[in-house]
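Have the viewer open as you go.

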Amino acid sequence: MSYIRELRPYMYWLGFLNEARAAAELDWTAIGGTWGVATSRLIGWRPSGKSFVPRILGSSLAAIRETNGENRDLLATYVAKYFEDIWTHIQSVKGVIRPGGVVHYIVGNVTFYGVVVPVENIYAEMLEKLGFRNVRIETLRKRNSNKHLFEFDVTAVR
């Protein structure tokens with residue numbers, strides 16, 4: 001996950017980064033990275049066509065694009081890239097979790113221009129598509145920022 005915006009000063013201080021461009025490059029390769037040049041790269045980004053797109057994700061992307069938000073297309077692209085990155089990640093996790101092992105994803109849903117993106121349901125559907133069993137979603141807490149936002153624990157057995 002991308003936290004470069006918050007961690008950048010420490011990464012310079014510890015010697016992991018030496019120039020601003022390196023922070024932006026690192027962010028682009030992280031899941032959800034859109035800091036620095038990553039934002040401009042989103043404009044030209046297109047899905048690989050190799051990712052599983054759950055029905056509810058497709059509906060959410062269409063709903064974001066149909067709003068009147070000034071950056072609606074860019075935000076829809078960001079959401080699409082995030083979930084393509086997550087699909088790649090979950091595929092890799094499946095290969096290292098032994099049968100019977102349990103995964104937990106602590107995620108929060110999100111809104112863009114009033115469109116709620118049910119992140120927890122998208123994760124659950126991706127896990128099911130990859131053959132994980134006993135997929136469950138547990139609501140952990142309501143977030144303070146918006147009455148529609150919650151945090152969830154999405155669990156599944158390999």
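Predicted model: local features only at pLDDT ≥ 70, side-chain atom pairs only at ≥ 80, totals over all residues.

Residues are numbered from 1 along each chain as its sequence is written, and side-chain values use heavy atoms, with hydrogens and water left out.

Q: Which element gives the most to the lining of the second largest pocket?
A: A pocket is an open set of points on a 1 Å grid over the protein atoms alone, where a 1.4 Å probe fits, with protein on both sides within 12 Å along at least five of seven lines; lining residues have an atom within 4 Å of a point. This pocket is lined by 14 residues, with Trp45, Pro47, Leu61, Arg65 and Ala80 nearest its centre. Two elements each supply two or more of the lining residues, helix H4 (55-65) and helix H5 (72-94); helices here are DSSP runs of H or I with at least four residues, strands are E runs of at least two, and both are numbered from the N terminus. The top contributor, with 4 residues, is H5.

Q: What is the volume of the second largest pocket?
A: Its lining divides into 9 nonpolar, 2 polar and 3 charged residues, where Ala, Val, Leu, Ile, Met, Phe, Trp, Tyr, Cys and Pro count as nonpolar, Asp, Glu, Lys and Arg as charged, and the others, Gly among them, as polar. Volume here is the space filled by probe spheres set on the grid points, which are joined across faces, edges and corners. The value comes to about 170 Å³.

Q: How far from Glu84 is the nearest side chain of opposite charge?
A: Glu84 sits in helix H5 and is in contact (heavy atoms within 4.5 Å) with Trp45, Pro47, Ser48, Gly49 and Ser51, leaving aside neighbours within four places in sequence. Glu84 is buried, that is, under 20% relative accessible area, with exposed over 50% and partly exposed in between (1.4 Å probe, protein chains only). It has no salt bridge, meaning a side-chain nitrogen of Lys or Arg within 4 Å of a carboxyl oxygen of Asp or Glu. With Lys and Arg counted as positive, Asp and Glu as negative, and His and the chain ends not counted, the nearest opposite charge is Lys81, at 7.6 Å.

Q: Which side chain of opposite charge is nearest to Glu120?
A: Glu120 belongs to helix H6, where Val119, Ile122 and Tyr123 are among the other buried residues. Its contacts beyond four places in sequence are Val107, Asn109, Ile137, Phe152 and Val154. Glu120 is buried yet has no salt bridge, and the nearest side chain of opposite charge, 8.1 Å away, is that of Arg143.

Q: Is Asn134 buried or exposed?
A: Asn134 lies in strand S4 and has a positive phi of about 50° although it is not a glycine. Most residues other than glycine have a negative phi. Because its relative accessibility is 52%, Asn134 counts as exposed.

Q: What is the relative accessible area of Tyr113?
A: Look in the loop between strand S2 (110-112) and strand S3 (115-117) for Tyr113. Its phi is positive too, near 50°. Tyr113 is partly exposed, because its relative accessible area is 38%.
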